[in-house]
Amino acid sequence: MKVLVAMSGGVDSSVAAALMQREGHHVVGVTMRLWGGESDTGCCSVSDVDDARRVAQQLDIDHLVFNFSDDFQEKVVDPYVHAHATGVTPNPCIECNRSLKFSRLTERADALGFDAVVTGHHARLVPNAKGEMRVHRGGDAAKDQSYVVHMLTGRELERTLFPVGHMTKAEVRALAAELGLRTASKPDSQDVCFIPTTGGRETFLGKRIPFHSGRVVDTEGHDVGQVEAVELVTIGQRRGIGLYKTEAKRFVVDVDTASRTVVVGTEGDLQRTGLALHSMVWAGGTPESGRFRVQCSAHGASMPCAVDVIDGGRVQVTLDEPHRRIAPGQSAVLFDESDAWVVAGGLVSAASAWPASVGATA
Amino acid sequence: MRPEAIAAMQPFLADVYANPSGSHRFAREARRAIDEARDAVAAVVGCKPGEVIFNGGGTEGDNTAIFGAVRRIQATGGAAAAVCSAAEHHAVLHCVEHLTPHGAGVVVGTNGEGSIDVAALADVLRRLSAEGTVPVVSVMAVNNEVGSITRLDEVARVVRSAAPAAILHTDAVQAACWLDLAPITACVDILSLSSHKFGGPKGCGIMFERVGVDIEPLIFGGGQERDRRSGTHNVAGIVATAAALVATAAERATETARIAELRGELIAGLVAIGGVRATIAAEHSVPGIAHICIEGIENEALLFLLDEAGLCASAASACASGALEPSHGLAAMGVPRELARGALRLSLGHTTTRSDVSSAIGIIGTAVNRLRTHTRA
């Protein structure tokens, strides 16, 4: 096969490229330049591209750089900023996978005659009884990334390979060291790549949207304080709302950017069993109601739940046990009951229940 | 590199390794080689030998001219603004942009072919002259991306009348191969050349600086090049630079005619693919550059297919990461961003043959058709 390996300059994609080469494939490495602005963290820095190129040179494979910064701005950064302005907390890494890695890059690879796109994600692609590929959890439970690649469906699943998905991170690093790859002991990337660690989210958003001060009220509607920027407040947050270390622990239980109001309450007020999801993507293409497990953050545990399909794009999830409310805009991924493979994924709505749904609880 | 340049530099890599600033016999031998190189370069550039400075390339020459001129004025405490065109090479543009936040840099727009808008330049110079001093105006002789030729005689007329005290600098890096340099030199005060653009070694350059032009050096030190560019002479590089320039000038007339014909065939073949247009009319550009814009494709993808098929081309300048950046030159010319994504720049030179041209047309046609059929609806 002729394969295009997305090389971020990290250890996982370095080893992915090496493994594909070892299997005898014609391997070309590519690093996507995504973020055009200033950054001191993630995948687009010159030193990361240098690392990717040096690994490619070491493996004696060609290395390309594709400039997708316009698409990244339009599909990831602008929506991220817009979401915060409207009180929604997006997951930009998932949107990047959806719109860049497994869309823009795979289309480009297609046009250039590649048979598959390879990444260093910790997830496995396993055929089911019907021979259709599904995203399964990676071999390393602590590093599993099936959550962030859950949007792969249909043809994309056939044309994607995760060569390190069955390995543990320790095995990946050991193999990188054995091959003498310069990225063997490079730390994992952690933060949102386009947000500088100095200044962070607040500075980044402050340059792009106006902040508005807001009222802080309790669940009865009594004023209890003020916040400087309602756009920076996230559900579940405890610090930064001026009530930290008051007698009772208080959490943000709701944010309404339109009325510039932040509602705080006890941990109990945060508990929900209902989760209304939209923009659903189904691995098999068809929505199905039933018993599943739902995971609501990259490294959070999945929770057993019942799922009722509202329509093609929407489902109502009812958790078996109440859980802290998930911020709207976050991705929720449904796994099968054994918690092994991705069934579907969608985005969390502001309300806990769809108006028409039955059995939903707030 | 040109064989003449490779041959010329050989003795100075091994046998004559002395520092020409020394006083012993080997130093004198190296010194003589530099002096002869300077005479040879002066003859081609159309200046006095004392006006030739050997340096580290075109970028250094551009930086020296702009910062050197601005610093000379700033040293006297006066207000000063360097002026250039929006389609200049980054070696000029980024100097002027660096000065802009401090009020000391102004960028002037271009016409549709990437040459400075002379009327706009006149307005800017008159306005700036009324406010203070214009230390330097930098206008490229030939655009590095699309190959368009600027009428420097017209630019000079405007500069001399609207800002008589200004130093007129030209980045002539792309001109050396194709244009007689003497008429260009006659129009300007400082001119920069890069050796590798005429078959010499990379990292070597030439700067013409007219007698009486007063700028600050960029590099201080041992006082080489009459105090204008310190640093031990790169003897082998200087000798090879001169040999390459002399060989280029000797062949220029015949090569220009030959390459112009090949470029005509290349452009005609590419236009026949459909949805392809030449960016600059042939009569306004040097023959060594064939620049086209191809509708409905992305040049980043095209370059991969061309490279795979053995055709080396370029599209735009690359940033530090190696990613292609949208062309500032095409933007200045008013080429829409969408069309600029399909920009392709092919170079022709002394090694290019007719069969190279026909195979290039075939390879590009195949690649363009493949990408067009695979493009998102």
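1. Let's start with helix α2 of chain B, which covers residues 25-45 and so has 21 residues (helices are DSSP runs of H or I with at least four residues, strands runs of E with at least two, both numbered from the N terminus). From first C-alpha to last, α2(B) reaches 30 Å, close to the 30 Å expected at 1.5 Å a residue; the expected span is 1.5 Å times one less than the number of residues.

2. A word on the model: it is predicted, local features need pLDDT of at least 70, and side-chain atom pairs count only at pLDDT 80 or more, while totals for chains, interfaces and linings use all residues. Residues are numbered from 1 along each chain as its sequence is written, and chains are lettered from A and ligands numbered from 1 in the order in which they are written.

3. Which residues of α2(B) are buried? They are Ala30(B), Ala33(B), Ile34(B), Ala37(B), Arg38(B), Val41(B), Val44(B) and Val45(B). Here buried means 20 or more other C-beta atoms within 10 Å of the residue's own, exposed 12 or fewer, and partly exposed in between, with C-beta atoms placed from the backbone. The buried residues line one face of α2(B), because they fall within an arc of 140 degrees seen down its axis (the arc is that of the directions from the helix axis to the C-beta atoms).

4. Turned away from that buried side, α2(B) shows the exposed residues Arg25(B), Arg32(B) and Asp35(B). The cover over its buried residues includes α1 (3-13), β1 (52-55), α7 (181-187), β7 (205-209) and α8 (235-271) of chain B. Just after the helix, Gly46(B) has a positive phi of about 85 degrees.

5. Follow α8(B) next: it packs against helix α12 (residues 354-374) of chain B at about 15 degrees, with the axes 9 Å apart. Axes are lines fitted to C-alpha atoms, for helices over the stretch in contact, and angles run from 0 to 180 degrees between N-to-C directions. That angle makes α8(B) roughly parallel to α12(B); angles under 35 degrees count as roughly parallel.

6. Two residues in chain A are worth a look. Most residues other than glycine have a negative phi. Asp60(A), not a glycine, has a positive phi of about 60 degrees and sits in the loop between α2 (46-59) and β3 (62-67) of chain A. Asp60(A) counts as exposed because it has 8 C-beta neighbours inside 10 Å. Ser279(A), in strand β12 (residues 271-282) of chain A, has a positive phi near 55 degrees.

Notes
Contact = placed C-beta atoms within 7 Å. Parallel < 35°, antiparallel > 145°, perpendicular 65-115°, else oblique.
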